Amino acid sequence: MAEQDKVVLITGGGSGMGREAARRFAAEGAQVVLFDVNVDGMQETAAGFDNVHPHTVDVTDFDAVTAAVRQVEDQIGPVERLYNCAAIMPFGILVEQDNAIIHKQMAINYGGLVNITQAVLPGMLQRGRGDFVSFASMAGWIPMLKTGAYTATKFAVRAFTETLYHENMKSGVRFACVCPPAVATPLLKQGQDSDWPKMLDDQGPPIEPKTVIDAIEECLDKGKFFVLPTREARIGVIMRRLFPGLIWKQVHQVEGF
Ligand SMILES: NC(=O)c1ccc[n+]([C@@H]2O[C@H](COP(=O)([O-])OP(=O)(O)OC[C@H]3O[C@@H](n4cnc5c(N)ncnc54)[C@H](O)[C@@H]3O)[C@@H](O)[C@H]2O)c1
């Protein structure tokens, strides 16, 4: 739980799960700082709260991220909790997908995590406390046809966060790597507007953002690193580990190539 006046920093806080977390922590009395490029979205997140502080920051710009974190820590206080949510998700067949879009996904989804980590984590380590929450995905475990570029970013996020956790296990900082299946947020539209794989329609309806935030809080409290918010997600990870060929067979059957 976020405590009164503790500082929570949320990248991608102008939409989706970042917004859900921001409004929840703000209602609990935390000082919530948003870093996003979606100015209108951040205003909507902050509506009705005077303890939500929007900052227009592109997470791919390390100097801007570092300067904004320094400003927040000087003016509001040390960041006690980080939610790294910023991401994009355009899909496509790898050989056809726009080269710049593939690189942009890695720069935001993975590069943004690298930048915010190096700006925020040293302070947490120095203080010997804090919550570090990184958003990977089920896509960080299971590759599919047409999702390759996004999936690559989420494999990178998972590897980076897992290593970070093990490098700092005894620091007092709590780490969580969040791996949800499809969640009902505006991100899904980016996939639907590009080249949506039929396989994703076979997974049932998307879960609600609230379910994911609840699962994160529970895992942090129980000291569980990977947040797999549904039974299906947990089974999916086991299936990928034990039977990767079986999953690929099903994917090819469903997509028809
Ligand atoms: N929605 C899903 O189905 C789903 C499933 C698994 C994992 N995830 C992951 O969860 C996290 C949150 O996703 P969401 O569904 O809430 O997405 P969302 O699209 O609702 O919100 C993402 C936010 O990131 C911001 N953003 C994009 N580029 C940025 C940049 N360069 N700098 C700063 N901000 C930037 C966007 O403006 C947006 O406000 C993401 O990391 C996503 O990959 C989402």
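In the predicted model, helix α1 passes helix α2 in a right-handed crossing. The two helices, α1 spanning residues 16-27 and α2 spanning residues 39-46, pack at an angle of about 30°, and their axes lie 9 Å apart. Because angles under 35 degrees count as roughly parallel, α1 is therefore roughly parallel to α2. On the α1 side, the contact is formed by Arg19, Ala22 and Arg23, which meet Gly41, Glu44, Thr45 and Ala46 of α2. By residue class, this contact of α1 with α2 comprises three charged, two polar and two nonpolar residues.

A separate feature of the model is the second largest pocket, in which about 210 Å³ of space is found. The lining of this pocket consists of Thr211, Ala215, Glu218, Cys219, Lys222, Lys224, Phe225, Phe226, Val227, Leu228, Pro229 and Arg234. Two elements, helix α7 (209-222) and strand β7 (226-227), each give two or more residues to the lining. The largest share is that of α7, which supplies five residues.

Conventions: Residues numbered from 1 in each chain as written. Predicted model: local features only at pLDDT ≥ 70, side-chain atom pairs only at ≥ 80, totals over all residues. Heavy atoms only, no water. 1 Å grid on protein atoms, 1.4 Å probe; cavity = no way out; pocket = protein on both sides within 12 Å on 5 of 7 lines; lining within 4 Å. Points joined across faces, edges and corners; volume = space filled by probe spheres on them. Helix = DSSP H or I, 4+ residues; strand = E, 2+ residues; numbered from the N terminus. Axes fitted to C-alpha atoms, helices over the stretch in contact; angles between N-to-C directions. Parallel < 35°, antiparallel > 145°, perpendicular 65-115°, else oblique. Left-handed = near helix turned anticlockwise from the far one by under 90°. Contact = heavy atoms within 4.5 Å. Nonpolar A, V, L, I, M, F, W, Y, C, P; charged D, E, K, R; others polar.
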